[in-house]
Amino acid sequence: MSENVIIFSAEALSKENLKGKGLVLVDLWASWCGPCRMLAPVMEELAAELKGRVTVGKLNIDDYTDFAIGLGVMSIPTLILFKDGEEVGRLIGVQPKQAILNMIQGA
């Protein structure tokens with residue numbers, strides 16, 4: 001995994017911890033999920049390209065199931081974009097890089 005992609009905990013993604021952090025893109029995934037593995041290289045590219053502007057990371061739903069359920073995640077991969085702790089975008093399933101960039105640019 002790229003050094004630009006952060007491994008998040010549920011605590012790190014709390015509203016209080018994200019307040020004032022700007023844009024944070026979170027990939028909710030699991031190691032057994034084939035589509036999640038397909039999305040991983042795209043996330044690494046985005047993390048490198050957007051470094052300093054958008055924090056990009058992953059949260060393993062197997063480790064934080066209750067947190068993922070609390071976010072309303074029903075299938076993976078799910079990408080959630082937060083801005084200062086508030087959800088401002090969501091994409092479900094494997095997405096092309098441009099679709100993810102469009103979501104970020106619209107935030």
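1. How many of the residues of strand β2 (residues 23–29) are buried? Seven of its seven are, so that β2 is mostly covered, where buried means under 20% relative accessible area, exposed over 50% and partly exposed in between (1.4 Å probe, protein chains only). Strands here are DSSP runs of E, at least two residues; helices are runs of H or I, at least four; both are numbered from the N terminus.

2. The model is predicted: local features need pLDDT of at least 70, side-chain atom pairs count only at pLDDT 80 or more, and totals for chains, interfaces and linings use all residues. Residues are numbered from 1 along each chain as its sequence is written, and side-chain values use heavy atoms, without hydrogens and water.

3. In a regular strand the side chains alternate between the two faces of the sheet. In β2, both faces are covered. Leu23, Leu25, Asp27 and Trp29 are buried on one side; Val24, Val26 and Leu28 are buried on the other.

4. β2 and β3 (residues 54–60) run parallel, joined by seven bridges; strands pair if DSSP finds at least two bridges between them. Leucine 23 has valine 54 as its bridge partner in β3. Helix α2 (residues 34–49) carries the chain from β2 to β3 in a right-handed β-α-β crossover (clockwise from the first strand over the helix to the second, with the strands pointing away from the viewer).

5. β4 (residues 78–83) runs antiparallel to β2, with six bridges. There, leucine 23 is partnered by lysine 83.

6. Glutamine 95 sits in the loop between β5 (86–92) and α4 (97–105). Glutamine 95 is buried, at 17% relative accessible area. Leaving aside neighbours within four places in sequence, glutamine 95 is in contact (heavy atoms within 4.5 Å) with Leu39 and Ile100.
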